[in-house]
Amino acid sequence: MRVSFTVNGRPQEADDVWEGESLLYVLRERLGLPGSKNACEQGECGSCTVRLDGVPVCSCLVAAGQAQDRRVDTVEGLAGEGGELSPIQQAFVDAGAVQCGFCTPGLLVAADELLEHNPSPSDGDIREALSGNLCRCTGYEKILDAVRLAAARTGQAV
Amino acid sequence: MEFLRPASWQEALAAKAEHPSAVPIAGGTDVMVEINFDHRRPDHLLDLNRIGELEEWETGEDTVRLGASVPYSKIMAGLRRELPGLALASHTVASPQIRNRGGVGGNLGTASPAGDAHPALLAGGAAVEAESVRGSRLIPIDDFYTGVKRNALAPDELIRAVHLKKASGPQQFSKVGTRNAMVIAVCAFGIALHPDTRTVRTGIGSAAPTPVRARTAEEFLAAALDEAGLWESRKAVPPAVAKQFAVLVAAAANPIDDVRGTAAYRRHALGVMARRTLGWTWEQYRGHGSEQGSTSCA
C-alpha cells in the first residue's frame, strides 16, 4: 500500500509498504531517515521515539498506515536548515551526554518535547519525561545535565 | 494482510462484521509488538485511529463514559478527580511514549492479567460498552474477563467505551515492579471506597489467570466498617481489621511462579499492598490524607 504523510515539514510518500510494517521501518528503510533507531521493537527502549502530530511515541509501535495524512517529526528535523544544532542537541554535546550514541536520537526527541511544554523542568519532570528511553552507557547523569543545561540556556535567551 | 481504515464508527462496525477475525489496532502498543516479533499475522488490521469519538470522554451527573482509545496520558491529566484509581493506574503504565498511545480499550481487548487498568476498573465497578452491527450492550466488568487473555467480546464486537461511576470516595492503586517505569506488574492492587453505598471494591492484577476481585475481603471490610460505625465516625480502622483484610486479599489471589516473581512473593506483596492502600484511602476518607498524588508508591 501507499502511505502519504508529512515528515519534518515535508510531504512524503512511501510505496509498496507492507500492511504490518511499522512507521519506524518506513522512516528508516523507505524514506532514508535512519536517525530513529531500531532496537527493541516492543516499546521498551524509546530509541525509535518520534513525534506523531506533536506527541512523542515509539515509532516501532505505530503501524505505517496509521501515519497516513499525519505529521511526523524525527530527530533529523531538530537541527536547522544549515545544519546548526538545536539547543538540546548542543547541550548533549557540551554536557558529554553521548557515549555510543544509539539512544541519543530518542532522548533528544523526548527531551525537546519536554522543554517545549515545560521550559524549566524539575529533576523529577526530566526523569519522568525520559523514563521511556533506555541508555546502557552513561548512567543517565550526563543526560540529565544536558537537559538542565538546555533549559538554563533557553531560559537565559528568553 | 489487509489494512482497513474506517473513517467512522459505523464503518468500523461494518468492517468487523464483514471480517470477524480482523484485529483492531488503536495505540498499537500490544498489537505491533506481536507483529514485529512475528507472533501474529492477522488477515486484517482494523485501524481505529481515524475515529475521533473513541478518544473523547463524556462526563454525566454521576458517570464517565470513557472512549476506548483515550490515551492514558489524557486520563492522568483530565480525569484524576472523577476516576482517581484509574488515573493512578494509568500513571504506572510503561512510559510517556506508551501512555500517549495506549488506552483502556486495548487493555480490555488484550485482557492480559497484567494489564494495569484492570484492578482500577474492577474496583471502580466499570461496565464495558461493546458494540456490533447487531447492537450495543454493557458488559459488567465482573463478567468481562473469561480466561488468560480472553474476554467476553463476540467476534463481531468492538469496544466503544468504558462506563465508570464518578468516585464517591477515595481510590488507590499500587503496583510492584523492579523499577518505576517500563514495568509489567509483578502484581498490582486497586481499592475503591464507595461511601455512598457503604461498600468497598477491589481489584487484583497479575496474580491469577484473569484480573479478579477479592470479594471475601471486600465483604469482610464493609461489614467491619459498618458494625463499628466507622463510615459515620470516621475513626481509624482497627489494625486487626486491616490485617484480616490483607490476609483475605492475599487469599483471593491464585498466582503462579514465573520470571517476574514467585507465587509466594505475589501473595505476600498483595497483602502488603492491601493493607497500605486501605490505610491511604481511609486516611483520605477521614480527611487526614493529602491530595492523592501521582507519586504514591507502595
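Before the points, some bookkeeping: residues are numbered from 1 along each chain as its sequence is written, while chains are lettered from A and ligands numbered from 1 in the order in which they are written. Because the model is predicted, local features need pLDDT of at least 70 and side-chain atom pairs count only at pLDDT 80 or more, whereas totals for chains, interfaces and linings use all residues.

1. In chain A, 13 residues of domain 1 are in contact with 11 residues of domain 2 (contact is when the C-beta atoms of two residues, placed from the backbone, lie within 7 Å). On the domain 1 side, strand 3 (residues 49–52) of chain A gives the most, with 3 residues. Helices (H or I, at least four residues) and strands (E, at least two) are DSSP runs, numbered from the N terminus. That side of domain 1 divides into 6 nonpolar, 5 polar and 2 charged residues. Here Ala, Val, Leu, Ile, Met, Phe, Trp, Tyr, Cys and Pro count as nonpolar, Asp, Glu, Lys and Arg as charged, and the others, Gly among them, as polar.

2. Next, the sheet of chain A. Its 5 strands form an open sheet in the order 2-1-5-3-4, with mixed pairing (two strands pair if DSSP finds at least two bridges between them). Strand 2 (10–14) and strand 4 (55–58) of chain A are at the edges with a single partner strand each, so each has one side without a neighbour in the sheet. On average, neighbouring strands of this sheet are turned by 40° against each other, direction ignored. For such angles, axes are lines fitted to C-alpha atoms, for helices over the stretch in contact, and angles run from 0 to 180 degrees between N-to-C directions.

3. With strand 4 of chain A, strand 3 runs antiparallel over 4 bridges, and the two form a hairpin with 2 residues between them. In that turn, Asp53(A) has a positive phi of about 50°.

4. A residue is buried if 20 or more other C-beta atoms lie within 10 Å of its own, exposed if 12 or fewer, and partly exposed in between, with C-beta atoms placed from the backbone.

5. On to chain B, which has an open sheet of 3 strands in the order 1-3-2, with parallel pairing. Strand 1 and strand 2 (23–25) of chain B are the edge strands, pairing on one side only. From one strand to the next, the twist averages 25°. Strand 2 of chain B is joined to strand 3 of chain B by 3 bridges, and Ile25(B) stands opposite Asp47(B) in strand 3.

6. How do the chains meet? 25 residues of chain B are in contact with 23 residues of chain A. Helix 2 of chain B gives the most to the chain B side, with 4 residues. By class, that side has 13 nonpolar, 8 polar and 4 charged residues.

7. Most residues other than glycine have a negative phi. Ala94(B), however, has a phi near 40° and Ala111(B) has one of about 55°. Ala94(B) is in the loop between helix 4 (84–91) and helix 5 of chain B, and counts as buried because it has 21 C-beta neighbours inside 10 Å. Ala111(B), in the loop between helix 6 (104–110) and helix 7 (117–124) of chain B, is buried with 20 other C-beta atoms within 10 Å.
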